[in-house]
Amino acid sequence: MLNNDTQLEAQWLQRLQQNDEQALAAIMRKYYTALYNYGARFTSDDALIKDCIQEVFISLWQRRENAASILSPRYYLLRAVKNKVLKSLHQHTIKTGSFEPGEAYDFLQELSVETLIIDKQLSDEQAMVLRKTMSQLSKRQHELIYLKFYQHLDHAQIAGLMNLSRQSVYNLLHETIQKLRSLWQAELFNQ
């Protein structure tokens, strides 16, 4: 049985397919913040992020006849925004000649985990240990944590977004959690 959100999303997609602009507006309202936050992980250029999100929604409207085939609007939109932002960043680096070899993109992690720690009134020492521990993760590990625990995507969706096999996502998640656990324990014992 489908949950209420899934049923509502399916209705929006069906209405979108029937040229209902209100359905597009509902999808935009539901996902805009998540899309913006995800886009902000790749660049701090506010205007670029907003332009990319707007282009994604324009594209969704232009291709609305295929909307019913979208199984997960969240996954579909996150992937589209990521692709659009990375393509724009890549074009900018080519134009400016600022391309540097290495990882294909940066994944900026603004840790709301820190806010949660502070909100729960844990000590400043523990927050410092967490920041230090998280800073030792790779960009891919940061992205994986964000997609899994903040965007609540399943392993197949994460695999699609990160261009990994499903098994690689399982392995990377296991490795990341193990690394966090050992770094956290090492930091706590070194104090």
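Reader: What is the mean pLDDT of the protein, and what percentage of its residues reach 70 or more?

Author: pLDDT is the predictor's confidence in each residue, from 0 to 100. Here the mean is 82, with 79% of residues at 70 or more. This is a predicted model, where local features need pLDDT of at least 70 and side-chain atom pairs count only at 80 or more, while totals for chains, interfaces and linings use all residues. Numbering starts from 1 along each chain as its sequence is written, and side-chain values use heavy atoms, with hydrogens and water left out.

Reader: Now the rings. How many aromatic pairs does a search of the whole structure find?

Author: Rings of Phe, Tyr and Trp (its six-membered ring) pair if their centres lie within 6.5 Å; planes under 30 degrees apart are stacked, over 60 edge-to-face, and the rest tilted. The search turns up three pairs. Take Tyr38 and Phe42: their centres are 5.1 Å apart and their planes at 80 degrees, so this pair is edge-to-face.

Reader: Are Tyr38 and Phe42 buried or exposed?

Author: Buried means under 20% relative accessible area, exposed over 50%, and partly exposed in between (1.4 Å probe, protein chains only). Tyr38 is buried at 0%, and Phe42 is buried at 6%.

Reader: What about Tyr146 and Tyr150: why is that pair stacked?

Author: Their planes are at 15 degrees, with the centres 5.9 Å apart, so the pair counts as stacked. Both sit in helix α7 (residues 139-150), four residues apart, which puts about one helical turn between them. Tyr146 is buried at 2%, whereas Tyr150 is partly exposed at 26%. Tyr38, Phe42, Tyr146 and Tyr150 form one aromatic cluster.

Reader: Where does the charged end of Arg64 sit?

Author: A charge sits over a ring if NZ of Lys or CZ of Arg is within 6 Å of the ring centre and within 35 degrees of the ring normal. The charged end of Arg64 sits over the ring of Trp61, 4.1 Å from its centre.

Reader: And which side chain does Lys82 join through a polar contact?

Author: A polar contact is a pair of N or O atoms within 3.5 Å; within protein, one must be able to donate a hydrogen and the other to accept it, and residues adjacent in sequence count only if both atoms are side-chain atoms. Lys82 joins Glu143 at 3.0 Å, side chain to side chain. Lys82 lies in helix α4 (residues 73-96) and is buried at 4%.

Terms used:
Helix = DSSP H or I, 4+ residues; strand = E, 2+ residues; numbered from the N terminus.
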